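Look at the structure first, then read the points below.

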Amino acid sequence: MTDRFDGQARESLEVDMEIHGMLRTFDPALHDPGYWTRFGNTVLASAARELGRRRRLVPMTVTEVLMGWGRTLVPTALVAAALAGLVLVNGGNGTEPAPLGIEEMLVSELEGLTILQLSLPNAPENPLALMAEMF
């Protein structure tokens, strides 16, 4: 593999040449010039069967594609709907408070500190102070 950072390209990319020199030692083509060509050929040979299968699928119509998806998508959707129904039916005794919508939160009296109060440096449970301590 040739060094792409020779000449003017190096200046336009602002490459740290010290790090580039260190990383270049990991390039397998440094000691084996034909490595990347062989690697590409090996990958293409390994993928030839899948690429051929995809090439044969090109003339498929939209209906055929949707039918192919339907074989796995419809049973999966049925199982997900059944699980969701079970969760809703067995979801509890109904004593939990209903979640508030955004409009209700804006007009209701919520307990706790506001974002402005939490962002003050001397606020209790200040998330910014906690982040500063963590990092």
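Asp 27 is buried, yet Asp 27 has no salt bridge. The nearest side chain of opposite charge is Arg 24, 5.3 Å away. Here, buried means under 20% relative accessible area, exposed means over 50%, and partly exposed lies in between (1.4 Å probe, protein chains only). A salt bridge is a side-chain nitrogen of Lys or Arg within 4 Å of a carboxyl oxygen of Asp or Glu. Lys and Arg count as positive, Asp and Glu as negative; His and the chain ends are not counted.

This is a predicted model: local features need pLDDT of at least 70, side-chain atom pairs count only at pLDDT 80 or more, and totals for chains, interfaces and linings use all residues. Residues are numbered from 1 along each chain as its sequence is written, and side-chain values use heavy atoms, with hydrogens and water left out.

**The whole chain**

- The chain has seven helices and zero strands. Helices (H or I, at least four residues) and strands (E, at least two) are DSSP runs, numbered from the N terminus.
- Of the 135 residues, 5% count as buried.
- The chain exposes about 12,300 Å², and carbon and sulfur atoms supply 66% of that area. Accessible areas come from the Shrake-Rupley method with a 1.4 Å probe; for residues, only the protein chains shown count as cover.
- Take the contacts between residues at least 6 apart in sequence: 13% of them join residues at least 24 apart. Contact means heavy atoms within 4.5 Å.

**Around Asp 27**

- Asp 27 sits in the loop between helix 2 (17-24) and helix 3.
- What joins the side chains of Asp 27 and Trp 36? A polar contact of 3.1 Å does.
- A polar contact is a pair of N or O atoms within 3.5 Å; within protein, one must be able to donate a hydrogen and the other to accept it, and residues adjacent in sequence count only if both atoms are side-chain atoms.

**Salt bridges**

- Side chains of opposite charge can pair when their charged atoms come close.
- How many salt bridges does a search of the whole structure find? It finds three.
- Asp 32 pairs with Arg 38, with the closest N and O atoms 2.3 Å apart. Asp 32 is partly exposed at 28% relative accessibility. Arg 38 is also partly exposed, at 42%.
- Glu 50 forms a salt bridge with Arg 53 (2.7 Å, N to O). These two are three residues apart in helix 3 (residues 35-56), so about one helical turn separates them.
- Glu 50 also forms a salt bridge with Arg 54 (2.9 Å, N to O). Arg 54 and Glu 50 are four residues apart in helix 3, so they too are separated by about one helical turn.
- Glu 50 is partly exposed at 31%, and Arg 53 is partly exposed at 38%. Arg 54 counts as exposed at 52%.

**A nonpolar patch**

- Leu 57, Met 60, Val 62, Val 65, Leu 66, Trp 69 and Leu 73 make a nonpolar surface patch of about 660 Å².
- Patches are made of residues with over 30% relative accessible area and no salt bridge; like charges are joined within 9 Å, nonpolar side chains (Val, Leu, Ile, Met, Phe, Trp, Tyr) within 5 Å.
- Leu 57 lies in the loop between helix 3 and helix 4 (62-89). Leu 57 is partly exposed, at 36% relative accessibility.
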